[in-house]
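Hi,

Here is the structure I promised to pass on to you. Have a look at it first, and then read on for what turned up.

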Number of protein chains: 4
Amino acid sequence: MGRAVGLWLVGACGSVGVTTTVGALAVRAGLAGRVGLVAEHPEIAAAGLSSLDDLVIGGHDLDVETLVKRAERLAAGGVVPAGILPALAGELAEVEGRLRTGYDPAGEEPQGVAVDRLSADLVAFRETHGLERVVVVDVASTEPPAEVVAGGPLTDPEVLAAALAAGESPLPASSVYVLAAYRAGCPVVSFTPSPGPRLPVLVTLAEQAGLPWAGSDGKTGETLLKSALAPMFATRALQVNAWASYNMLGGGDGATLADPDNARSKLVTKAQGLEAMLGHPVEGPMHIDYVPDHGDWKTAIDHVSFEGFLGVRMSLQFTWNGCDSALAAPLVLDLARLTLRAHQADESGPLPFGFFFKDPAGSTEHRLGTQWEELVAWCGRVGA
Amino acid sequence: MGRAVGLWLVGACGSVGVTTTVGALAVRAGLAGRVGLVAEHPEIAAAGLSSLDDLVIGGHDLDVETLVKRAERLAAGGVVPAGILPALAGELAEVEGRLRTGYDPAGEEPQGVAVDRLSADLVAFRETHGLERVVVVDVASTEPPAEVVAGGPLTDPEVLAAALAAGESPLPASSVYVLAAYRAGCPVVSFTPSPGPRLPVLVTLAEQAGLPWAGSDGKTGETLLKSALAPMFATRALQVNAWASYNMLGGGDGATLADPDNARSKLVTKAQGLEAMLGHPVEGPMHIDYVPDHGDWKTAIDHVSFEGFLGVRMSLQFTWNGCDSALAAPLVLDLARLTLRAHQADESGPLPFGFFFKDPAGSTEHRLGTQWEELVAWCGRVGA
Amino acid sequence: MGRAVGLWLVGACGSVGVTTTVGALAVRAGLAGRVGLVAEHPEIAAAGLSSLDDLVIGGHDLDVETLVKRAERLAAGGVVPAGILPALAGELAEVEGRLRTGYDPAGEEPQGVAVDRLSADLVAFRETHGLERVVVVDVASTEPPAEVVAGGPLTDPEVLAAALAAGESPLPASSVYVLAAYRAGCPVVSFTPSPGPRLPVLVTLAEQAGLPWAGSDGKTGETLLKSALAPMFATRALQVNAWASYNMLGGGDGATLADPDNARSKLVTKAQGLEAMLGHPVEGPMHIDYVPDHGDWKTAIDHVSFEGFLGVRMSLQFTWNGCDSALAAPLVLDLARLTLRAHQADESGPLPFGFFFKDPAGSTEHRLGTQWEELVAWCGRVGA
Amino acid sequence: MGRAVGLWLVGACGSVGVTTTVGALAVRAGLAGRVGLVAEHPEIAAAGLSSLDDLVIGGHDLDVETLVKRAERLAAGGVVPAGILPALAGELAEVEGRLRTGYDPAGEEPQGVAVDRLSADLVAFRETHGLERVVVVDVASTEPPAEVVAGGPLTDPEVLAAALAAGESPLPASSVYVLAAYRAGCPVVSFTPSPGPRLPVLVTLAEQAGLPWAGSDGKTGETLLKSALAPMFATRALQVNAWASYNMLGGGDGATLADPDNARSKLVTKAQGLEAMLGHPVEGPMHIDYVPDHGDWKTAIDHVSFEGFLGVRMSLQFTWNGCDSALAAPLVLDLARLTLRAHQADESGPLPFGFFFKDPAGSTEHRLGTQWEELVAWCGRVGA
Ligand SMILES: NC(=O)c1ccc[n+]([C@@H]2O[C@H](COP(=O)([O-])OP(=O)(O)OC[C@H]3O[C@@H](n4cnc5c(N)ncnc54)[C@H](O)[C@@H]3O)[C@@H](O)[C@H]2O)c1
Ligand SMILES: NC(=O)c1ccc[n+]([C@@H]2O[C@H](COP(=O)([O-])OP(=O)(O)OC[C@H]3O[C@@H](n4cnc5c(N)ncnc54)[C@H](O)[C@@H]3O)[C@@H](O)[C@H]2O)c1
Ligand SMILES: NC(=O)c1ccc[n+]([C@@H]2O[C@H](COP(=O)([O-])OP(=O)(O)OC[C@H]3O[C@@H](n4cnc5c(N)ncnc54)[C@H](O)[C@@H]3O)[C@@H](O)[C@H]2O)c1
Ligand SMILES: NC(=O)c1ccc[n+]([C@@H]2O[C@H](COP(=O)([O-])OP(=O)(O)OC[C@H]3O[C@@H](n4cnc5c(N)ncnc54)[C@H](O)[C@@H]3O)[C@@H](O)[C@H]2O)c1
Ligand code: NA
Ligand code: NA
């Protein structure tokens, strides 16, 4: 057994957060297999990652007493096997006990105060459990994109510091958590499309602190398929004329995306990769619809019209029926272990983990195969 | 304009053969664009390929007077634009004039005699048109797999020579053409699943002659999709439990495949790649059905059941609606140009062109992305 | 050969209008079969319908010199067989010669004047060609829904008359045509979702004039499928929880629907039938997207989530790939012949032709099977 | 509460049998709703049916101690809600206690002996529980079609009687049960494609005994869809050129169908309806594949190519994802109650219940809508 390390989930009581926690405990207890865990590939394990057994989980959420209840709801919905919860009850309650109240952007707390408080939570977590290091992973609800103004607090560390000192609250909530993490010396993973570590001011602060971070927006459904299929069209010189994308999802995330402001963030992220991979913009509707009946499941239907030699018209249509949280949770565990390793290896800045993300920081590479090879290369290098 | 080179099509009057010919002429005449031609990618062109303008086309078929008629049928079926045929009539007739009667395995001609005759056709073609070199591409009807017996004529050059000298005809027809090609010093591409150059005896003969060859079985539909999608499941550590494959096709090829003996060859080819990419065998029906109403179009419907973290069950289904000949023809042109370049560059043995093939000779790599990178690397090296 | 009758198309130069015209001429000339013509069923023919041979076609459009050009565009798009146009050139030109400039709601012409003018066009058409009777079929662009105010010109014939006399223009364009038709003693078919004959004032006027009319909004794609499938769920007591509808269409109609104001009319029409057939409202997104690359083709993708015994969750998904104009045109011919027969038989008011329509006038029956039986019963009765 | 009636399931321990039993008990106990029960429609209830509360269940199977175990397996597979089993444990055990060992065609028991024994089981069941009447429903494994020879024991009651008396065993097992039922004065429902009551000899014997019977082969998946969709193509005069049908199923039934002999029975049943509804034979592959990973779920993928006006080519594809047993079980309950009512009402011979069946006895009507109306009419008549 190695030295204990910490995984701090922002949004710990959400579907992804709870599935991650239940999953880690279940695998550890031998109650579930390791399907979906990318880190189990020898090429990735080669990086020299912490074992799941060494992971201590804590986190922030707005209402910290809902983890167990949410686990039961996920079991009812078929996301986690109902049978395993009783055996994990004790450990789940322990994790729930380690949760702390997060920062609520709708509340009164000035962000300067919040950063201090959240940062203290992280330090306390690390010290209480004797953790070698702690990674903060954002799996909280999606926020709308932030408007970044040159020279403002979202770009300039000194302007930001002054604003916080003056009791102002200029940051999106996701970035408040990142600032707190950096303050506590923790590396960060942004699994959501929220601004989080992507704000210029935080990019600079990570650099100054020499901290590594990864993001953003976990690639688990339609975009994953696109990143596997678009390179096929591109390398085969087939001309994609229209790519329609229809998404139906229920679940907590679906309800949030039903607010068009929040959906905007997601849609922008999804659209850009396709153009990068095909080399030209492609027409085609893209909808994300909230259909409560779908529960924790997502159905993505894509219809691709393309043209081949001599102008012949062809099409590809696919239907993806996936459980988003079950797809996301193992990636959260993978990213946590990889980013902890990066921190240990003194890496800094955006990590080359585009394989996991819709909107890969520090890269314009969206092709899944190439992203995989970049990841394998990094693991080989770090593990050497 | 470079030095003229030759493309010799075995099965020149079939759908693929005629679409290849019409396409090359149309592109040359500015009547069609270059969509679908992989060689137009700068990374591939970097190999220093002959221009389409320098390509002289000839070929073998059983009935050599059907090229123009087949072109009209393909136009009626929407495979080639009806409008362009009149402008190409003269050139098409010229190509038809260059066709020679092939080897008919149902006929009486002993294979030794056939090899001499076909080989002489190739030499005459090269000399008449002052061609620098000629590549032979097999786009004839699919044959059943051959039974290879150690020490027999399909493995041992001397036993083969003796058998041919004795008036025996031990080879599948596709291999008769390959033997004739090697005799004439021509490199070979096997675009079909037929044995062709894959027989051990021909692998040895190519080696002895220092000739390059590529094959086999053009990857244009369902298998193409599989080679793009299976690596996604594999790298994401998702466990594929069943992969069902349903194919409907009309057209000449469809009729041939309706004969279960011939289909066997195709099915075997298709099945093996999936297992290689996923790392384990996968259950799932695979059917190829001849549905005349589909004409030159193929509909492939695949249904993939897979399992993710915590045993959650998910699925992917796709429908591919493609025009096989339109997908195949540009690849035939690409392969011809690449293989001519390989010959010029004194490469020998099986070429690393798995990107184009369902059953890549000399490789167990089936992942499209990796095959693309191997191809790009080869082009870079040869073109340096 | 029977007595000649007239078909007057409002929107004669649109996709549906031109396909109707080309189709009628082609069938007549023996250049096309009768697939898609419902009137060919013996149960329908039993009504005693005019022959297609007796149909003289004319119509209104905004720019009346585009019929032939549009026919060529439709041929290029594969909607009508390119080969038949030359043989029909003379007759098509004749029809084009019979077209008259319609009423442009964006123009200056007062509606009172327009009604007189359009009505005179109809009378002249009838007299010039010695037609027994003329039916007016609206296949013009979709208009937004009209706002009907009790006691206003859209409900009260006298208020309308006064308004028109005063030089006002209170009617949607589609209703101007209907008023003109009734003035000329012509029955009407509304193939579009536009208000047309559905305004209360026109319902009254038809009644007063003893004229029959039919409408509205031809049922050719997704809604057709719904009317075939929803009764299955209903009679089997399966509970539909969500029905998502995604439509992609190019073509002239698609461009019009891209204007959300016009699409509203279509979406409202589509939503109501489902609820009527299932007996309860059903959640589920409905989108109509304009994807120019689809040309005259429509792809409708529907995803139905339903629940069976013991709460078990199931789904049905379908993809309909249809050529809207080719589906609509024969129905236009059917409706014309049926409505002419109704006129001859002195029927009046809304006809029981719900089989053809998304929004059947005078009925809440949306089930295709039942609508078919109603139609057959009517034909039997009228033909007896 | 009415007088108690009996439902005797042949194959009581199979998926359909157990789901029927669990479902009836759960509905009765208020633990499940009535979704899927056709008899809940007022038009059907109008026949005056027994309440589910009055139904006593018993049955035959080969191994009679597996009902509870199978229920647990179905709960694990998501077919019946896991949560309800504990509350039903007592009643389930009671039903298991009422099961009797069936007739095993692989065993030694002469059929004459078996008929006596099975018949006695039915009589004992009726008397022990004071049942007004008992209906026998066959939900046992599918058998291959029987070869009926004119004048043989499968056509002539006297020849059959003589054969049985002589210790011969000429009947398929499903027909042994029917003979026993008739002997005991019980009406019969054949929910399987097995010969059962369809043998001419049994048709005659039912007639002689004045007993009603219904069958055969419950219509729950692809064929259900076909019977809803084919009439749409037919009434719209669209020409279906090819209808491909691909079925994947796991479960007990899937394993049985993997034996091609048994599948033949199912395929024949499925093929005939389409031709009847469309009015002409239609090409198109039909496959039923056993894919264990699908468990109790069936995926049916159908691809329909059709032609419209002017020869335009279109397509419809659907994917049905259904839980066969959950679809079948409520129909078994419906059929039991309807057939008991028919018996009470002194109906005899094949009942007009085609709405429920792939291969409706005594009818060539396959259109779901029309079958529904026939059923409603019967219920109205019987209930009047
Ligand atoms: N496959 C996937 O599920 C997937 C893929 C990519 C990205 N994501 C992203 O992951 C995030 C979580 O998804 P989910 O399905 O778990 O959503 P969810 O709605 O179930 O959970 C979100 C959680 O965040 C909490 N939260 C909200 N605001 C917070 C704040 N200010 N501080 C702390 N906690 C806060 C909520 O209380 C809730 O518990 C979303 O942003 C989603 O877009 C998910
Ligand atoms: N996308 C594709 O179309 C695709 C992909 C992979 C492989 N292929 C293979 O390409 C081949 C051609 O396909 P197609 O659709 O053009 O088929 P096709 O039936 O239209 O044409 C085959 C041609 O080969 C000729 N032929 C048959 N036996 C011959 C012989 N002994 N010598 C010379 N010619 C002979 C036939 O006369 C015919 O003209 C097939 O083997 C097919 O499996 C095609
Ligand atoms: N299957 C179908 O195609 C289908 C089904 C149901 C309803 N419809 C309806 O049929 C109508 C026609 O569809 P389309 O695809 O032919 O559209 P289109 O855009 O190709 O044609 C519409 C025609 O109407 C003409 N027009 C517009 N305003 C006019 C006016 N004020 N007076 C006279 N003409 C006018 C236009 O100039 C054009 O020629 C639409 O309203 C559509 O919603 C079509
Ligand atoms: N939706 C549907 O599930 C559906 C639809 C139509 C028809 N059916 C038919 O219903 C039948 C049952 O399907 P299932 O999924 O429950 O199958 P299953 O294999 O789960 O169950 C069949 C049962 O029949 C029993 N059995 C076999 N031979 C027997 C015999 N000689 N006597 C008594 N019992 C015997 C078996 O032991 C088993 O318990 C099949 O014939 C199937 O084709 C089912
Ligand atoms: Na082909
Ligand atoms: Na249109």
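To start with, how many bridges join S10(C) to strand S10 of chain D, and do the two run parallel or antiparallel? There are 7 bridges, and the strands, with S10 of chain D covering residues 313–323, run antiparallel. One detail to look for is C:Phe318, whose bridge partner in S10(D) is D:Phe318. Strands here count as paired if DSSP finds at least two bridges between them, and the elements are DSSP runs numbered from the N terminus (helices: H or I, at least four residues; strands: E, at least two).

A word on conventions: this is a predicted model, in which local features need pLDDT of at least 70 and side-chain atom pairs count only at pLDDT 80 or more, while totals for chains, interfaces and linings use all residues. Residues are numbered from 1 along each chain as its sequence is written, chains are lettered from A and ligands numbered from 1 in the order in which they are written, and side-chain values use heavy atoms, with hydrogens and water left out.

**Chains C and D**

The contact (heavy atoms within 4.5 Å) involves 59 residues of chain C and 60 residues of chain D. Together the two chains bury about 4500 Å², with 69% of that on carbon and sulfur atoms; buried area is the accessible area (1.4 Å probe) that two parts lose on being put together, summed over both. On the chain C side, C:Arg236, C:Phe309 and C:Leu310 supply 21% of the area buried against chain D, more than any other three residues.

The largest share, 11 residues, comes from S10(C). By class, the chain C side has 39 nonpolar, 15 polar and 5 charged residues (Ala, Val, Leu, Ile, Met, Phe, Trp, Tyr, Cys and Pro count as nonpolar, Asp, Glu, Lys and Arg as charged, and the others, Gly among them, as polar).

**Chains A and B**

Here 60 residues of chain B are in contact with 59 residues of chain A, and the pair buries about 4500 Å², 69% of it on carbon and sulfur atoms. In chain B, the residues that lose the most area to chain A are B:Arg236, B:Phe309 and B:Leu310, together 21% of what that side buries. The counts between these chains are 0 salt bridges and 14 residue pairs in polar contact. S10(B) gives the largest share of the chain B side, 11 residues. Strand S10 (residues 313–323) of chain A pairs with S10(B) in the antiparallel sense over 7 bridges, and A:Leu316 has B:Trp320 as its bridge partner.

**Inside chain C**

An open sheet of 7 strands runs in the order S3-S2-S1-S4-S5-S6-S11 in chain C, with parallel pairing. Strand S3 (99–101) and strand S11 (349–350) stand at its edges with a single partner strand each, so one side of each is left without a neighbour in the sheet. S11(C) is joined to strand S6 (residues 212–215) by 2 bridges, and C:Pro212 stands opposite C:Gly349.

The whole structure has 52 salt bridges over all chains. One of these is formed by the side chains of C:Asp116 and C:Arg183 (3.0 Å, N to O). C:Asp116 lies in helix H5 (residues 111–128) and C:Arg183 in helix H7 (residues 173–183), so the pair ties together parts that are 67 residues apart in sequence.

Notes
Salt bridge = Lys/Arg side-chain N within 4 Å of Asp/Glu carboxyl O. Polar contact = N/O pair within 3.5 Å; in protein donor to acceptor, adjacent residues only side chain to side chain.
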